[in-house]
Amino acid sequence: MSVGKKILNVVSWIITIPVQGGLGIFLGFIASVLGRITWILSLTLMWLGITIGLYAIGALSLALRKGIRHKKYLVRISSTGLGVLIPMALLLVLALKLGYDSAVISDRWGPLLSFFAIVLGLLGFYLPGWFGSKSNAY
């Protein structure tokens, strides 16, 4: 791979990852607002919104790249969903223990665990590509 293609590849990932996170945050927020009926529905829709946001941009980015042979779409969406689920499950446990309208959740743990949901979802999306052959290292 030439130096120009390597630089273009790095720049495209630098653009893709923040767009994935931004769309995940946006869809997660919209979904949580739509699910205000119950706390569990809100967290479920938030999980779904973040997972779809992270996966959609990442899958589109993978589809446009010709150098990646094994795209592993099913594994990527599964691991993305699992990565987002872990902090959302912790948030649900805290909400059940402290009460969903607790200031501790809304001021501290809610935003923190939502951030970790994005980070773990991104890791879940990219980890399947990091394992395998050298030509499929991303």
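Predicted model: local features only at pLDDT ≥ 70, side-chain atom pairs only at ≥ 80, totals over all residues.
The charged end of Arg65 sits over the Trp13 ring, and I noted 3.8 Å to the ring's centre. I then found another case of this kind: Arg76 has its charged end over the ring of Phe125, 5.0 Å from the centre.

Next I looked up the aromatic pairs. How many are there? I get a count of four. One of them is Tyr55 with Phe125, where the ring centres are 6.0 Å apart and the planes stand at 70°; angles over 60 count as edge-to-face, so I put this pair down as edge-to-face. Where do the two residues of this pair lie? Tyr55 is in helix α2 (residues 39-64) and Phe125 in helix α4 (residues 103-130), so their pairing ties together parts 70 residues apart in sequence.

Ring pairs link Trp13, Tyr55, Phe125 and Tyr126 into a cluster.

Buried or exposed, I wondered about Tyr55? Tyr55 has 17% relative accessibility, and under 20% means buried, so Tyr55 goes down as buried. Phe125 is at 0% and counts as buried too.

Last, I turned to how α4 meets helix α3 (residues 73-98). Their axes are 6 Å apart, and the helices pack at an angle of about 165°. Over 145 counts as roughly antiparallel, so that is what I wrote for α3 and α4. I noted the crossing of α3 past α4 as right-handed. In their contact I list 19 nonpolar residues, eight polar and one charged.

Methods. Residues numbered from 1 in each chain as written. Heavy atoms only, no water. Phe/Tyr/Trp six-rings, centres within 6.5 Å; stacked < 30°, edge-to-face > 60°. Helix = DSSP H or I, 4+ residues; strand = E, 2+ residues; numbered from the N terminus. Buried < 20%, exposed > 50% of the residue type's maximum accessible area, 1.4 Å probe, protein only. Lys NZ or Arg CZ within 6 Å of the ring centre and 35° of its normal. Axes fitted to C-alpha atoms, helices over the stretch in contact; angles between N-to-C directions. Parallel < 35°, antiparallel > 145°, perpendicular 65-115°, else oblique. Left-handed = near helix turned anticlockwise from the far one by under 90°. Nonpolar A, V, L, I, M, F, W, Y, C, P; charged D, E, K, R; others polar.
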